[in-house]
Structure formats: C-alpha cells, structure tokens
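Dear colleague,

Please find below the structure I am handing over to you, followed by an account of what was found in it.

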Amino acid sequence: MEMAESSDNEQEIGRKVIIKNFVALKKYMHPDPIIDCETDFELLTVTDRRTIQGKGLIEKNEAIFRKVMSKGARGYKDFKERLKKTWQTELLQLIVCAENGQNTREIEDRLKKIAVLSPEYIKHRGELKEDLMRFYKWSHSKVLLSPLIEENDTPLASFYIRPELNVNTLQDMFKTEGVANREIYLKADAGLGKTTFSKYLATSWYQAHCPDEDAQYFEMKDMDCMRDFDFVFLVLLRDSNTSCSVDELIFKLIISKLANSTSFTEEFIEKLLSREKCLVILDGLDEWTHPNTQCERGPRSIPHRNVREKCTIITTTRPWKLGDLNLSSNELGKTVELTKLSHDSAGTLVTRTLLRLKSPPHNMSIEIDDTSLVKEIFNSRVAHLAYVPLLLMYMICLSCEGFNIGKSKCELYVKIVELLLLRTTQKYGNIHKPLSSVNSSMLFLNMINVRNTSHS
Ligand SMILES: Nc1ncnc2c1ncn2[C@@H]1O[C@H](COP(=O)(O)OP(=O)(O)O)[C@@H](O)[C@H]1O
Ligand SMILES: [Mg+2]
C-alpha cells in the first residue's frame with residue numbers, strides 16, 4: 001500500500017516537473033540519443049520509434065514526453081536515466097532542481113548557451129569528464145610519503161595539509177575583485193608542495209563533481225570553487241620533453257592515457273578548451289624546457305598557449321625561473337606564493353606520517369611517539385628546515401630508522417644520502433655490483449631531489 005502511494009507520488013512529481021519545464025525540455029533535449037539509449041525499460045516500442053522517426057526536434061520531444069508521462073513513475077525514472085546516460089547533464093540538473101523546488105534560472109541560461117552543441121559533442125564531453133575523473137582518481141589521488149618509501153603511496157585526501165598561501169582562499173587565487181584571473185603563477189621553492197598542491201586541485205575538482213567517501217576531507221569552500229570549472233587538466237611538465245604547446249601537452253600527457261582516448265580528437269579538445277570553463281595546471285615549469293624543434297612560436301620560456309576566454313592556466317614553478325621568463329606583467333597575470341608550513345601544520349604532518357608508517361601496509365615498529373618526535377625535530381639545530389614538507393618527511397624517516405637527523409644542514413643531507421644508499425643496497429644488493437640502468441637512475445634521481453632542495 002505504502003509502495004503504491006510513494007510511486008503515485010513520484011509519478012505526480014514527474015508529471016508536474018515535466019509540465020512546468022516543458023518549454024525548455026522540448027527545445028533543448030536531443031531526442032535521438034534518448035530514443036536510441038539502451039536501458040532495461042521499454043519506453044518506446046518499435047512502432048513508437050517508427051512513428052516518431054520522421055518528425056522534427058520539437059515534435060519528437062513532445063512524443064517522448066507523452067510516452068514518459070503515460071508510463072508513470074517507472075517511465076519518469078527511466079527518462080532521467082536516459083538523460084544521464086546520454087550526457088544531457090544540464091537537463092537532468094534542471095529536472096532535479098525543479099523536483100527540489102529550487103530556482104532553475106541559472107541552468108536555463110546555461111541551456112540557452114549550449115543549445116548550439118551537437119549531440120556528438122555533448123556525448124564526448126560527458127565521456128571525457130568521466131574518463132578524466134577516473135584518471136585523476138587512479139593516478140593523482142595519492143602522494144609519496146617520501147622518496148625513501150617508494151612502494152606504497154598514501155591517499156592524498158586524508159594526508160594532505162592545507163598549505164600556507166599568500167591568498168586567503170582558492171577563490172582569491174582564481175578571481176580578483178570578481179574578475180577571473182586567466183594566468184596564474186604559483187611560485188615556491190623545491191619540496192614546498194607545488195606538485196602536491198596541483199594534485200590537490202585535481203582531486204578536489206573530481207570530488208566536487210562526483211564526491212566519494214573521501215569528500216569529507218575537503219573544505220567546502222575549495223569544493224565550491226573547483227566545481228565552477230567544467231574541466232581540469234593537470235599536466236606534469238617533468239613528464240614531457242617533446243611538446244611545446246599547452247594543447248599538445250594536454251593531448252600527449254593526459255588524453256592519450258584515458259579509457260576512451262581515441263574518441264577524443266585534437267579538434268574536439270581544441271573546441272572544448274575554447275567553449276568550456278577549463279582549468280589547466282602546468283606543474284613544474286622549472287622542470288621543462290622548450291624542445292629543440294623548429295617551432296617559431298614565442299616566447300620559448302613557457303609552453304605556448306592560445307588566447308581563450310574561459311580558460312584559466314596555473315603554472316607552478318620555483319621562484320628563480322619566474323625571474324628568467326622575461327614576461328610582461330600582462331602575460332604573468334597573478335602571482336601567488338606557497339610558503340613554508342606553519343609550526344602547527346608541521347606538527348600535524350609528523351603525527352599523520354607516523355600514523356601512516358605504523359599502520360598497514362608499512363607496519364613499521366616505531367618506538368617513538370609523535371609528541372617526542374616533534375620535540376626531537378624542533379629542538380634540533382636543523383629545526384628551521386622542518387617547515388619544508390619534503391625535508392620534514394626525510395627527517396621523520398631518518399628518525400624512525402634510528403638515524404640521527406644531524407646538527408647542520410650539511411649533516412642532514414649527508415644522512416639523507418646515506419639512507420638513500422642504504423635503501424638502494426637493501427633493495428638491489430651491494431652498491432659495488434653493477435647496477436642496472438633503472439636502479440642507478442632511481443638512486444641518481446633520489447639524490448638529485450636532495451641536491452635540488454639544498455639549492456632552494
Ligand atoms: N600540503 C602537504 N601536505 C602533506 N604533505 C605534503 C604537502 N606538501 C608536500 N608534501 C610532502 O612533501 C613532498 C614533496 O612535495 P612536492 O609537492 O613534490 O614539492 P615540490 O613540487 O614543490 O617540489 C610530497 O611528496 C609530500 O610527501
Ligand atoms: Mg614538483
């Protein structure tokens with residue numbers, strides 16, 4: 001009895017929502033994908049399809065809605081599923097807003113703007129969004145505890161500590177007096193967390209659009225800000241030595257790795273970057289140089305970009321590189337600085353790292369507790385270096401391994417190199433034996449990491 005009542009209720013809500021939004025729905029819905037969409041409910045029979053086939057857009061849509069309303073609550077549910085499956089996201093939002101009695105003006109304005117888009121474009125746009133979210137979840141939702149612990153990455157959401165920026169909120173970074181900043185440069189010395197921050201932005205973007213159990217760790221304000229972007233492209237510049245334009249970098253480093261990569265042509269990506277509100281994050285400008293090709297575009301100090309009205313580009317870099325760029329203030333746009341950890345944040349990072357090291361999969365038997373470790377680090381002569389996350393992670397690892405963290409910067413770096421060597425020999429055997437190229441390059445990279453940090 002109750003079930004029947006709730007289904008009657010849904011049917012009534014569905015009928016009201018469709019009637020109230022009839023004009024927008026029949027004007028903006030793409031009927032053919034709805035008709036062809038496969039669900040486990042038969043909304044239209046073969047005869048219905050045949051009758052509808054030759055009609056124009058409005059008439060086709062009217063026929064579909066008549067069918068939906070005649071099929072009761074189940075028909076309405078199926079209709080929403082079809083909108084979802086055919087990526088007609090804005091229409092689905094319109095319906096959900098109307099169901100909840102919310103104002104639909106903003107969505108209607110958006111629908112007007114996207115009315116010109118073809119069903120193919122809408123389908124690819126939806127698929128790309130889903131693929132990107134899957135990709136970020138798979139490849140960018142983890143951080144390395146330290147290069148000393150390579151195997152198991154740590155979930156970024158629960159581990160990440162909001163860094164100190166010289167702007168109060170992400171909103172202040174993206175907008176100045178209500179106007180969007182299209183070019184943003186985020187500068188910070190090595191190891192302060194530029195790459196991790198870039199991953200945080202990509203992760204908050206997908207959490208904002210499609211939250212999972214980790215969404216609880218993100219600040220509401222950040223999520224609201226990231227939800228505003230239709231797409232986020234995170235490019236790790238260190239991974240490229242052959243591409244020189246932003247579009248090419250996106251294509252080679254991101255699109256080619258997606259599940260449906262071949263569905264997304266260069267032409268489609270170009271259109272998308274021009275039409276949708278996109279955020280492109282270029283991480284590590286200091287790790288990139290213009291490839292030695294005959295490209296005539298300038299300037300060669302940054303990846304070339306096309307002028308696009310809705311696209312925001314954040315470039316992260318070490319400060320010295322910014323000075324070398326020779327860009328006009330217009331080209332530089334807004335500059336934001338990521339600074340060292342506060343004392344409290346550093347303490348929290350120690351607590352979180354110890355907790356991670358003591359729990360699976362590391363299961364390290366560590367005698368020291370976080371309060372004693374914080375004391376040890378901040379009473380040491382290298383305490384001032386502990387506000388750099390990368391170095392703090394090294395200090396924690398050294399201490400947990402029974403090493404002394406040293407009395408000077410030089411001694412600390414020596415200890416780090418010693419520990420890196422020890423780890424490498426533990427893993428690959430005696431260092432005097434010839435190392436395979438992979439092993440030696442890994443060792444070398446780890447050492448470079450330390451050396452670079454010492455320069456900052
Ligand atoms: N905000 C943060 N919260 C937690 N750990 C961080 C944070 N920022 C950096 N780290 C740690 O420091 C390491 C180095 O940071 P990274 O982002 O690679 O620095 P950068 O790109 O500036 O050289 C990361 O692997 C991570 O372990
Ligand atoms: Mg980096």
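Two strands are said to pair if DSSP finds at least two bridges between them; helices (H or I, at least four residues) and strands (E, at least two) are DSSP runs numbered from the N terminus. In this predicted model, strand β6 (residues 183-187) pairs in the parallel sense with strand β9 (residues 311-317) over five bridges. Within that pairing, Tyr185 has Thr315 in β9 as its bridge partner.

As to conventions, the model is predicted, local features need pLDDT of at least 70, side-chain atom pairs count only at pLDDT 80 or more, and totals for chains, interfaces and linings use all residues. Residues are numbered from 1 along each chain as its sequence is written, while chains are lettered from A and ligands numbered from 1 in the order in which they are written.

The sheet and the overall fold. Both β6 and β9 belong to an open sheet of six strands with mixed pairing, in the order β3-β10-β6-β9-β8-β7. Its edge strands, β3 (164-165) and β7 (231-236), each pair on one side only. The chain as a whole has 22 helices and 10 strands, and its C-alpha atoms fill a box of roughly 80 × 65 × 50 Å along the principal axes. Of its 456 residues, 30% count as buried, that is, with 20 or more other C-beta atoms, placed from the backbone, within 10 Å of their own.

Domains. The assignment, which is automatic or from a database, gives domain 1 (2-116), domain 2 (130-339) and domain 3 (343-455). The centres of domain 2 and domain 3, taken over C-alpha atoms, are separated by 28 Å. Contact (C-beta atoms, placed from the backbone, within 7 Å) links 13 residues of domain 2 with 22 residues of domain 3.

Nonpolar cores. A core here is a set of buried Ala, Val, Leu, Ile, Met, Phe, Trp, Tyr and Cys residues joined through C-beta atoms within 7 Å. The largest has 79 residues, of which Val232, Phe233, Val235, Val280 and Ile281 touch the most other members. Helix α20 (residues 389-400) supplies the largest share, 10 residues, and at least three residues come from each of domain 2 (130-339) and domain 3 (343-455). Leaving aside residues up to four places away in sequence, Val280 touches Phe233, Val235, Val246, Ile250, Cys311 and Ile313. Another core, of 18 residues, lies apart from the largest one, and includes Ala24, Leu43, Phe79 and Ala98.

Yours sincerely

Technical notes
Buried ≥ 20, exposed ≤ 12 C-beta atoms within 10 Å, placed from the backbone. Contact = placed C-beta atoms within 7 Å.
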